[in-house]
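Please have the sequence and the model at hand while reading.

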Amino acid sequence: MSVMAKTTKQTYIAVPSQAISSLSSSYLQSMILSPKKPFKSKNFCRRPNAWFFCIFLCSFVLTLKAWLNLDPLAPFSENPCGIQQPKSLTSSFNGFPRTNLLLQNKIKAMEGEQDEQSSEFWKQPDGMGFRPCLDFTAKYRRWSKEIVKNRKNYLMVVVSGGLNQQRNQIVDAVVIARILGAALLVPTLQVNVIWGDESEFSDIFDLDHFKKVLANDVRVVSSLPSTHLMSRPVEEKGLPLNASPQWIRAHYLRKFRRDGVVLLRGLDSRLSKDLPPDLQKLRCKVAFHALKFAPWILELGNKLTERMRSKGPYIALHLRMEKDVWVRTGCLPGLSPEYDEMVNNERELRPELLTSRSNMSYHERKLAGLCPLNALEVTRLLKALGAPKNARIYWAGGEPLGGQEALLPLIREFPHLYNKEDLALPGELEPFAKKASIMAAIDYIVAENSDVFMPSHGGNMGHALQGQRAYAGHKKYITPNKRHMLPYFLNNSLSEAKFNSIVVDLHRDSLGQPDLRTSKSGKDVTKFPVPECMCNGSTMNTSSL
């Protein structure tokens, strides 16, 4: 008996795409939501109905997408009603689709202005062609030969204060030795009573370099010769203010002839600032050439400089916000009533710490420009002058009263804020932990190498760097015009744009441009080296002793 297999014939119908697209949505919905018949997965692919359904579903989705121009971000679109704007008015900007072209152009213009302002901020002042110019007169050079041969007279000096006070006194000590025709013993650094730093000259400065640079000006010796060891040096109380070369010769040459050794203390700002041109040049030679930091200090300072510069230009700030600074200046930090009370109590206990103008109130000092800028004021000044938000800033100085809290306004606006502790690797600063002068020297090096420098207050470091940066080609140095700008800081009715414009105008001539000392009688030539120590072809120097 033969068994005959049943064969089922199936018929396929070609359906036009128009017919598919014309099917009603309710019918499609019923097809999709209708109960599914059980089937075996292994036979699914062999069923024509399944293929038909897949083809139909794909055609339907593609047709619907083309009609509605579906956008995956449509739920968050600017046009929730699906009304598409002309193609020319929509684009993508910084990852955000469909930004209006007008808004996009406005944003680009704002960014362009910010870039231009940022570029302007880093721009260096016009140095007007001034360069170092230390050409001593023939008379000076002839006398040098006699001075360096002198073996009879020796000048001993003891310098005090912080690093930059000591630098100033060392400069004057060399000049006084030259005036007297005496050899100079390596200056003794007095132990600082505040920081307890017992560093010697050779711990901070390169002694061999110091001697070599000054070999034709003053003979520098490390100790007294045997012929003078038993001599008891005549200790002088100190020079009067604005001591002239004539006064110095009249008072000390006789004592040299009698004793051979003279000891001087208290040289800080005693020697006249207005000396004959040759002696002014000698001041510059000592400050800018002879006083070089010791090799190990230079090495570490340069390492920190490289870390700051690794991502481009940087700003250096000298922030004077330590407790003793607020006490001595008669000013208040403005952090909180508690900190203000702390400063006032300290000042009442030690009224001798107030350096000057004790008859003025805090507000009078503030408006007169005699107070250090606090972090908020520094921040507003930098912003107004166009410092970019991503600027890298190195701050030098001691621990601010209030610690990190005192720096918060600056950190919020300029998050890339560092000091030497932030930049140093573990253990790098450890050998100098109790050496305040060496720590200050490291700050000095990083600040000197910066693209822009600004002090929050006057002081020896700021003055030294002002002269150093001028001598190096007039690198940008912002001198805050505190007396004129602070009233605008207190005016809350000014718009930010108006405030910025005023601040820029006030500082247009305070960015480190050449500033001739001839118009500043009584000012230190190491702060204003033009014209005695720098020339540009149009300046003529005549020198005499």
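## Helix packing around α20

In this predicted model, α7 and α20 pack at an angle of about 55°, with their axes 8 Å apart, where axes are lines fitted to C-alpha atoms, for helices over the stretch in contact, and angles run from 0 to 180 degrees between N-to-C directions. That makes α7 oblique to α20, since angles under 35 degrees count as roughly parallel, over 145 as roughly antiparallel, 65 to 115 as roughly perpendicular and the rest as oblique. Helices (H or I, at least four residues) and strands (E, at least two) are DSSP runs, numbered from the N terminus.

Residues are numbered from 1 along each chain as its sequence is written. Because the model is predicted, local features need pLDDT of at least 70 and side-chain atom pairs count only at pLDDT 80 or more, while totals for chains, interfaces and linings use all residues, and side-chain values use heavy atoms, with hydrogens and water left out.

| Pair | Angle | Axes apart |
|---|---|---|
| α7 and α20 | about 55° | 8 Å |

On the α7 side, Asn164, Gln165, Arg167 and Asn168 make the contact with Asn460, Met461, Ala464 and Gln468 of α20, contact meaning heavy atoms within 4.5 Å. On the α19 side, Asp443, Tyr444, Ala447 and Glu448 meet Met461, Ala464, Leu465, Gln468 and Arg469 of α20.

Asparagine 164 lies in helix α7 and, at 9% relative accessibility, counts as buried, a term that means under 20% relative accessible area, with exposed over 50% and partly exposed in between (1.4 Å probe, protein chains only). Beyond its neighbours within four places in sequence, asparagine 164 is in contact with Tyr444, Asn460, Met461 and Ala464.

## The nonpolar interior

A nonpolar core is a set of buried Ala, Val, Leu, Ile, Met, Phe, Trp, Tyr and Cys residues joined through side-chain atoms within 4.5 Å. The largest such core has 80 residues, of which Leu155, Ile176, Phe210, Ile248, Leu264 and Phe293 touch the most other members. Helix α7 (residues 163-180) gives the most to this core, with ten residues. Apart from this core lies another, of 37 residues, among them Met321, Leu332, Ile478 and Leu511.
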